[in-house]
Amino acid sequence: MTQQFTTCDRQDWMAVLARAPADLLENLWSGFDGKPSFKPLREPETGLVMVRARAGGEGAQFNMGEATVTRCSVISSTGQTGHAYVLGRDVNHARAAAEIDAGLQDGKLFADLDRDIIQPLKNAHDKARQLHRGKVAATRVDFFTLVRGEDD
């Protein structure tokens, strides 16, 4: 049975892989059993991308600056092609993300990869966000204006 994936499904898991902490991603991937072998289509390489922004979120676009990105492409022994782009210079992160992307496209591996890698990465990201929100909330200051009446 071949499992069909939408573009949104793949965008979701690629976003999880790209923003995952590299050490956690590599630990989960190295501990995963039953992965196929991979050949590089494009060895990990690091370069720069221009980051575009808008003034006020709606204004004219401008070049905000450059960001370092590492990309990688692999093909699995079962025929799936995986790609990854990650911020920074971590070639191992890019390679692991590309391999997992290829594996997730294999209907036989999808459920195991989703359970053993994608869901733990999502949970770790959610916990980190909650911790950050808690720290921000602890330092939040509520300003109010006190209206004072003048005696005439």
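**Entry 1: F32**

I looked up the contacts of F32 (contact meaning heavy atoms within 4.5 Å): F32 touches L109, D112, L113, D116 and I117, not counting residues up to four places away in sequence. The model is a predicted one, in which local features need pLDDT of at least 70 and side-chain atom pairs count only at pLDDT 80 or more, while totals for chains, interfaces and linings use all residues. Residues are numbered from 1 along each chain as its sequence is written, and side-chain values use heavy atoms, with hydrogens and water left out.

I located F32 in the loop between α2 and β1 (38-54). Helices (H or I, at least four residues) and strands (E, at least two) are DSSP runs, numbered from the N terminus. One of the residues touched by F32 is D112; the two are 80 residues apart in sequence, and their C-alpha atoms are 8.9 Å apart in space. I noted that F32 counts as buried because its relative accessibility is 7%. Buried means under 20% relative accessible area, exposed over 50% and partly exposed in between, with a 1.4 Å probe and protein chains only.

**Entry 2: helix α1**

I checked the length of α1 (residues 7-19): at 1.5 Å a residue, its 13 residues should span 18 Å, and the end C-alpha atoms are 18 Å apart, which agrees. The expected span is 1.5 Å times one less than the number of residues.

I then listed W13, V16 and L17 as buried in α1. They cover an arc of only 100° around the axis, which puts them on the same side of α1; the arc is that of the directions from the helix axis to the C-beta atoms. The buried residues of α1 pack against α2 (22-30), α3 (91-104) and α4 (110-138).

**Entry 3: helix α2**

I found A22, L25 and W29 to be the buried residues of α2. Their arc around the axis is only 65°, which places them on the same side of α2. D23, N27 and S30, on the other side of α2, are exposed. The cover over the buried residues of α2 includes α1, β1, α3 and α4.

**Entry 4: α2 against α3**

How do the axes of α2 and α3 cross? They come within 10 Å and cross at roughly 45°, the axes being lines fitted to C-alpha atoms, for helices over the stretch in contact, with angles from 0 to 180 degrees between N-to-C directions. α2 and α3 are therefore oblique to each other; under 35 degrees counts as roughly parallel, over 145 as roughly antiparallel, 65 to 115 as roughly perpendicular and the rest as oblique. On the α2 side the contact is made by A22, L25, E26 and W29, and on the α3 side by N92, H93, A96, A97, E99 and I100.
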